[in-house]
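Colleague: I would like to go through this model and learn how to read its features. Please take them one at a time.

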Amino acid sequence: MRHAPQWHRILAVLITGTAVMLPLAIIVYQSLLDAPFFQPSAKLSLSAFRFVLTDGDFHRAFATTAILATGMTAVAVPLGAILAFLLVRTDLPGRNWLEPVVLIPIFLSPVVIAFGYVVAAGPVGFFTLWAKQVVGSAPWNIYTLLSLTLIAGFTHIPYVFLYTSSALRALGADVEEAASIAGAGAARIALTVSLPMVRPAILYSAVLVFFLGFEIFGLALVLGDPGGLLVLSTYLYKLTNRLGVPSYQLMAVVAVIIIAIAFPLVYLQRRLMGIASRFVTVAGKGFAQRPLRLGRLRWIAFGGVLFWLAATVLLPLSGVFLRAFVSAWGEGVRLTEVLTLENFRELSDYPNLVRGITNTLGIAVIGGALAVAWYAIVGLATHRWQSPWAKVMDYLVMVPRGMPGLIAGLAFLWVFLFVKPLSPLRSTLFSVWLAYSVVWLAYGMRLISSALLQIQPELEEAAAIIGAPGARVTRDVTVPLIRFGLLGSWLLVFMIFVREYSTGVYLLGPGTEVIGSLIVSLWGTGAIDIVAALSVVNVLLVAAGLAVALRLGVRLHG
Amino acid sequence: MDKLIVSNIQKRLGGNEVLKAVSFELRRGEVVALLGPSGSGKTTLLRLIAGLDYPDAGRIVLGEKLLFDSESGVEVPAERRNLGLVFQSYALWPHRTVFDNVAYGLRLRRTAPSQTRERVLSVLGQVGLEGLAERHPHQLSGGQQQRVALARAIVYNPQLLLLDEPLSNLDAKLREEARVWLREMIEKLQISAVCVTHDQIEALAIADRVLLLEKGRIEQEGTPQEMYENPRTIFAAEFMGSNNRLTGTIAEIRGAMAKISGDSWELWGQLRSDRRDGETATAVIRIEKTRVRDQPAENALAAKLETTLYLGERWDYLFDAGGQRVRIWAPTAPAQRPYWLQFPSESLWIF
């Protein structure tokens, strides 16, 4: 504890606070006007709220979102919990290599996955047409709310897996051995001992998935549209063109409503996190854990896991890759006749697409490093700082979590329009980088703080006693000790930034193209060939990041 | 090495009064042990002296230098106090070699590289770690790590050496050797040191003077011998050594002596509190002062042997003497015979 004022620390809090609060403030302000804020005639009014709240489309979108969020939670939570138990506690075949593989959906762009489903299993998708040749008619329809819910549920299983598995690992093997000695089999142990004991972690991930359901954008945009399904975020996206004139005030109202739903959920997650960490009581004794024998269930469970991976990763990705290497596809087309590399060559014909790829690389590699540097500076500034300012920072970090990427991107667009000195930066990559870094602030801070938490305080105190002033302690002890953590964070942020699509949507313009937002906008124009080629590039970039991360032994979660 | 004066230190942590007006002095070249159970405030006191935390009130002076004074608002941070501290966990930096760990303090003090090298190697020699300078901490045993920690703390000749439970991370066998070694080192280096410990044997062995802390106060201070042979409170008496305790009421007081009695027994001992006739009291005696007799003796009670434990170098006998449990140590196996336990009145303290 230091009593002297810590100006450099306070400065870090103030700068981050501005970056976080300004977009939020401008959204709230805009929602209370009756016209876009740049119009001189704009007055304070609740008319925008009145319009949205009486709009039938909004009501339908709200109801659809609620059903979707609930449904995907109901799908993802039980399956994710079972998956965690299988991988952590049992002798499931291949559990070692499956561990990183099941996390893949987290690092794939939802809009790429959704596009993959369309070209693989849509009305004229590869697999649909092949199935048609066998059974005569299309056996499925992916444009219904039910399939959207199932797909969303399947792709969110890894989030549940992540939290449940780390809680299961903290659980001592002895509690299961006790049940085993008493005569319980693997399934019974899972249902009566292991999973009930990690209930707080499961509950936490349920709230998380429900919350992500309210923010869902890419899946709903691609898979919901053909069937006329609107969710809150796609309703917001469609509002852009609905009235012919910029309807900022209406978009702001929807954004405020989404944020108003998200904040309590974020707060609830935070509270649950506290409870969950208190629940880790029986930290296992150092015994080597002997996995529970599944017996006959072993191969059935393995088959289930493979089926899920095939449906969630293999099916859409194979669609994307196939589509990228054919010139056209439809009924009566033979695959061998249409194979081509033309789509990739075509990418280089459009300067904005080439820029999109180089920008994505730049923002992921350099921007990712700068973002990690920012997170690290904030993390170091509040590290072991017992001050009300550190509490303030804690809450500030939560704010962007309540703002989905689409809304954050919109808010930053407005910030750059509203704050005149910033306007020249709007059409530069800086605007995209800032929005990305703020959207992923909470994620990045968690990575940094989990690295910092692993440093024993004595290591830093020892340097102070020997005579090192605060800055030297940071330079000579703290930073060297989190070096690997910083490298890992950089790789994870790289993947997240490559994957990101919604944040760039409203910031998209000449000079600010990134692959994710290009896919969203090109999808609207129906340029399937190019979308497929871009998606392949996107997936390959993520895969490269993933390969390096696994090679270096980076943990894929904070 | 300079004189340390700690006066009236008060500290609250999260609503708890951890230290209540603690004062003590450390003379040049002296080793003081802060002894106490967990929660007594001893580690907090060490951290306040080190400057890792600041008191709510009080004053700390080292030699000519005022380190902390709540009245004039002086707060010298840890890095400007020029102290050495050996942490309980050793806190060696895993990313630096032994040499770099030890050299850090000299580099901060802008010592010339050639001189740094010479000094570090000489200190490593002194603590018996020749040839290990290029190792990393994880390549060393616990005992070696402890020596590195000490070398790192003394290499720049700090004005005062602080030791936080320096031996608690070593296993029992190693701890005995390290105790001897540490005492030798401190004597050879002629440094003043404050050593925090919860282990009374460690305190007795290492320190010139022991401060016994309890609930944020100094319960008693004195030389190891005074502390062990002449405790002034029941807490001090029971915290040190292994003891027998008997509870009863004061039956008679004669000068400095008192008679304590129970249902079917009475004993004379030294009255060490302001208990009066008729009040309940506790008699404490070190186990090694309790004697076994085979016939009635002065200040002795007839006792029934309940059970015995064989502990290798000795036997532990457990008796029932007039409803009270009494232990004694004996060199030989028990025999079938009547027992009387004698409590020499000069060694029996009544509180």
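Colleague: How many Å separate the centres of domain 1 and domain 2 of chain B?

Modeller: This is a predicted model. Taken over C-alpha atoms, the two centres lie 39 Å apart. The domain assignment places domain 1 of chain B at 4–234 and domain 2 at 242–350.

Colleague: Which helices supply at least two residues each to the side of chain A that touches chain B?

Modeller: The size of an interface is often given as the accessible area lost when the parts come together. Here residues are counted instead. Chain A puts 16 residues into the contact and chain B 19. On the chain A side, helix H24 (457–466) and helix H25 (470–481) each supply at least two. H24(A) gives the most, seven residues. By class, that side has eleven nonpolar, three polar and two charged residues.

Colleague: What span should helix H9 of chain A have?

Modeller: At 1.5 Å a residue, the 14 residues of H9(A), 157–170, should span 20 Å, and the end C-alpha atoms agree, being 20 Å apart. Eleven of the 14 are buried, so the helix is largely enclosed by the rest of the structure. Among the buried residues are A:Tyr159, A:Phe161 and A:Leu168.

Colleague: Is A:Val537 buried or exposed?

Modeller: A:Val537 counts as buried because it has 20 C-beta neighbours inside 10 Å. This residue sits in helix H28 (residues 528–552) of chain A. Leaving out residues up to four places away in sequence, A:Val537 touches A:Ile357 and A:Ile515. The C-alpha atom of A:Phe344, 193 residues away along the chain, is 9.3 Å from that of A:Val537.

How values were computed. Residues are numbered from 1 along each chain as its sequence is written. Chains are lettered from A and ligands numbered from 1 in the order in which they are written. This is a predicted model: local features need pLDDT of at least 70, side-chain atom pairs count only at pLDDT 80 or more; totals for chains, interfaces and linings use all residues. Helices (H or I, at least four residues) and strands (E, at least two) are DSSP runs, numbered from the N terminus. The expected span of a helix is 1.5 Å times one less than its number of residues. A residue is buried if 20 or more other C-beta atoms lie within 10 Å of its own, exposed if 12 or fewer, and partly exposed in between; C-beta atoms are placed from the backbone. Domain bounds come from an automatic or database domain assignment. Two residues are in contact if their C-beta atoms, placed from the backbone, lie within 7 Å. Ala, Val, Leu, Ile, Met, Phe, Trp, Tyr, Cys and Pro count as nonpolar, Asp, Glu, Lys and Arg as charged, and the others, Gly among them, as polar.
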